[in-house]
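I opened the notebook to record what I looked up, one contact at a time.

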Amino acid sequence: MSSVQSKIPGTRESPQREAVGIKRVVKRYGSFEALKGVSLSIADNEFFTLLGPSGCGKTTLLRSIAGFEEVSEGEIALFGSNIATLPPERRPVNTVFQQYALFPHMSVRENVAFGLRMKGVAPAEREVRAAEMLEMVHLSDFADRLPSQLSGGQQQRVALARALAPRPRVLLLDEPLSALDLKLRQAMRVELKQLQETTGITFVFVTHDQEEALAMSDRIAVMSAGEVQQVGNPQAIYEAPINRFVADFIGETNVLPVTVGEITGGVAKVDLAGCRGLTASAPEGVVPGAHHVSIRPERLSLAATGEADLTARVQRVVYLGTDLQLLARLADDTVLTVRLQNSARTSLPRQGEEIGFRIEEGAVRLLVD
Amino acid sequence: MAADPATGSATRGGTGWRELVAPLLLPSWLVIGIFLVVPVALMATYSFLTKDFRGGIVWQFSLDAYDQFFLDRGLFGDEPPQPNWNYIAIFWRSIWQAGLATLLCLVIGFPTAWFIATRNPRHRALWIFLITVPYWVNLLIRTVSMRFLLRDQGPFNEALLALGLVDSPLRIINTDVAVQIGLFYSYLPFMVLPIYAAVERYDFSLSEAARDLYAGPWTTLRVIVLPAVKPGIVAGCILVFVPSLGAFLAPDLLGGARTYMIGSLIDEQFRGSAGNWPFGSAAAMILLTMVLAVLLWHARSAGREQR
């Protein structure tokens with residue numbers, strides 16, 4: 001199943017102007033296919049994220065847009081013109097590298113002005129624009145330092161300023177936050193998103209961190225094994241994962257085996273561990289039979305007597321502060337994870353107790369295998 | 001020093017270490033003393049003594065050796081002193097030859113080192129091994145072999161004749177060209193290895209960043225790569241230039257009378273009874289001073305870059 005342009009509510013059907021158009025891109029290393037015919041359309045002014053585990057091809061795709069990798073097949077269009085065969089220096093895109101790749105023998109100012117210098121911008125204007133960029137990332141006082149004299153977070157800002165200084169049409173970011181510590185990473189998320197909104201530049205952001213992707217992106221492409229699994233906005237990706245991979249990869253979820261009965265109008269009757277009468281929203285192409293569903297742990301709650309959709313025996317209660325995590329065994333021995341808000345009113349379920357759970361309306365999502 | 005868990009005392013461990021420093025350094029100091037300081041001191045002393053006629057020295061202070069090097073007082077030593085250009089010319093030729101050999105080694109050695117450093121890590125060791133294989137054979141033997149390769153009836157000329165590229169054998173042996181080939185061949189690995197080490201440490205994402213920021217491949221090489229691997233290049237140049245300057249095997253065996261270099265000049269002063277030990281020592285001291293000047297200049301410029 002390659003390059004699904006899913007018809008899921010929340011997915012933008014026709015984005016405005018296309019900034020990056022990727023058509024059937026294949027990248028082979030010997031007999032290994034790193035990209036297996038990827039097609040994507042990234043809109044202008046969009047914060048677009050390529051998300052996936054390591055080795056899924058997201059970085060290869062980004063490097064192909066930048067021009068560091070030559071694609072074996074397919075087209076990469078930038079605002080309508082094919083750039084797939086151009087060398088990196090002739091592509092109007094700039095990159096923020098994972099390890100920043102700041103030039104160690106140049107000052108911060110020289111680093112930021114480098115792209116302008118190579119483009120032949122006059123020295124006076126170069127200075128002004130480099131100063132503007134440094135101000136934007138709050139590093140004006142560090143202009144004359146060497147990169148090695150800055151902290152990791154500061155180096156990251158220099159890398160950002162350097163890539164933005166030539167005013168690229170598209171900014172490519174290769175896991176730029178992965179080398180920062182957690183606090184800084186969270187602060188930078190907000191800052192990056194703001195920067196994207198104020199500059200109006202299209203950002204293509206690569207990450208393996210789903211939380212990062214959900215927090216910043218307008219749209220996300222989830223990738224696995226050289227293929228795009230699903231494209232959609234954060235809600236669509238989280239609430240309506242199309243297949244088992246996406247459901248598993250994004251957030252915490254219960255993937256449970258079910259038997260699908262009749263399907264009418266995108267709603268399927270499912271039989272989950274002997275609990276009948278459940279319904280699930282079904283993607284196109286699902287036929288009755290054995291399947292899996294995804295239910296997010298926080299969409300389950302303790303049921304009042306007689307209102308239970310599902311009963312299970314409590315195996316373990318994990319106290320997480322704001323939340324309680326319950327592990328409970330269903331009739332068919334599969335383990336269900338449930339997250340409950342820790343409120344003073346709930347009495348803690350005890351181990352071994354048989355209790356009923358309610359499933360939130362629309363929380364059962366049928367998956368394509 | 002980590003604290004000894006048995007005694008639990010970091011201080012005692014530290015003191016013990018410091019007490020060990022002197023005895024541990026003693027062998028190094030002895031080697032440096034016996035093989036470096038003593039010979040150089042001896043040479044410096046000899047250069048200020050009077051020569052004995054059968055090769056050797058008389059323990060009497062004299063500036064004759066330096067006088068002979070720089071000044072010309074005529075055949076019988078009674079004319080007014082004129083600058084003596086003979087030896088200075090030999091020095092100049094040596095510097096020129098060594099400089100050219102260094103440049104050649106750099107031009108060939110840099111791409112070679114780059115090639116090796118950008119291979120698959122598993123194959124790099126093999127390439128480095130191949131580079132060093134010829135050096136298992138003694139330099140003298142290799143230089144003599146080079147004579148056979150380059151002589152008029154040697155394989156090189158025979159090949160050129162057989163291919164019809166020349167009508168008569170090229171005169172290579174006993175020329176500056178032969179000396180150049182000899183020096184280049186002798187010292188090329190000293191250029192390749194330090195540059196290899198520098199390129200291997202080079203972060204290639206810097207090149208990508210430069211290309212991404214609109215620098216073409218040659219600009220990237222000039223503005224980003226060369227400054228980054230400069231320490232390796234400088235080390236390679238010094239390692240080639242310094243021994244080339246004092247080389248005497250290549251000029252002696254491959255060059256002719258007109259390709260005399262400092263190394264041969266010094267070498268000759270200590271041979272048989274025709275020698276002149278104080279003069280040889282003086283020439284060696286002058287050479288040493290020049291080499292030290294080059295190294296000091298490098299140390300200072302490297303120190304400046306550290307900021």
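Before the helix angles, I noted how they are taken: axes are lines fitted to C-alpha atoms over the stretch in contact, and angles run from 0 to 180 degrees between N-to-C directions. I also noted that this is a predicted model.

**Entry 1: H3 and H7, chain B**

I looked up helix H3 (residues 85-117) of chain B against helix H7 (residues 176-201) of chain B. Their axes come within 6 Å and cross at roughly 40 degrees. Angles under 35 degrees count as roughly parallel. H3(B) and H7(B) are therefore oblique to each other. I then checked the hand, and H3(B) passes H7(B) in a right-handed crossing. I sorted the residues of this contact by class and got 21 nonpolar, four polar and two charged.

**Entry 2: H7 and H9, chain B**

Next I took H7(B) with H9(B). The axes lie 8 Å apart, and the helices pack at an angle of about 160 degrees. The cut-off for roughly antiparallel is over 145. H7(B) and H9(B) are therefore roughly antiparallel to each other. This crossing is right-handed. I listed the residues in contact. From H7(B) they include Leu183(B), Tyr187(B), Phe190(B) and Met191(B). From H9(B) they include Val229(B), Pro231(B), Gly232(B) and Ile233(B). The class count for this contact is 16 nonpolar, three polar and no charged residues.

**Entry 3: H3 and H9, chain B**

H3(B) passes H9(B) in a right-handed crossing. On the H3(B) side I found, among others, Ser94(B), Ile95(B), Gln97(B) and Ala98(B). On the H9(B) side the contact includes Cys237(B), Val240(B), Phe241(B) and Leu245(B). By class I have 10 nonpolar, seven polar and no charged residues here.

**Entry 4: a sheet in chain A**

I moved to chain A and traced an open sheet of five strands. Its order is S15-S19-S16-S17-S18, with antiparallel pairing. Which strands stand at the edges? They are S15 (300-302) and S18 (335-341) of chain A. Each has a single partner strand, so one side of each is left without a neighbour in the sheet. The twist averages 50 degrees from one strand to the next. I also followed one pairing inside the sheet. Strand S16 (residues 310-319) of chain A runs antiparallel to strand S19 (residues 354-359) of chain A, and four bridges join them. Leu310(A) stands opposite Phe357(A) in S19(A).

**Entry 5: domains of chain A**

I looked up the domain bounds. Chain A is divided into domain 1 (18-92 + 168-244) and domain 2 (252-367). The centres of these domains, taken over C-alpha atoms, are separated by 34 Å. Five residues of domain 1 of chain A and six residues of domain 2 of chain A make the contact. On the domain 1 side I counted three nonpolar, one polar and one charged.

**Entry 6: chain B on chain A**

Last, I checked where the chains touch. The contact takes 15 residues from chain B and 17 residues from chain A. On the chain B side, helix H8 (205-212) and helix H9 (217-245) each supply at least two residues. Which helix gives the largest share of that side? H8(B) does, with six residues. By class, the chain B side has eight nonpolar, three polar and four charged residues.

Note on methods. Residues are numbered from 1 along each chain as its sequence is written. Chains are lettered from A and ligands numbered from 1 in the order in which they are written. This is a predicted model: local features need pLDDT of at least 70, side-chain atom pairs count only at pLDDT 80 or more; totals for chains, interfaces and linings use all residues. Angles under 35 degrees count as roughly parallel, over 145 as roughly antiparallel, 65 to 115 as roughly perpendicular and the rest as oblique. A crossing is left-handed if the near helix is turned anticlockwise from the far one by less than a right angle, and right-handed if clockwise. Ala, Val, Leu, Ile, Met, Phe, Trp, Tyr, Cys and Pro count as nonpolar, Asp, Glu, Lys and Arg as charged, and the others, Gly among them, as polar. Two strands pair if DSSP finds at least two bridges between them. Domain bounds come from an automatic or database domain assignment. Two residues are in contact if their C-beta atoms, placed from the backbone, lie within 7 Å.
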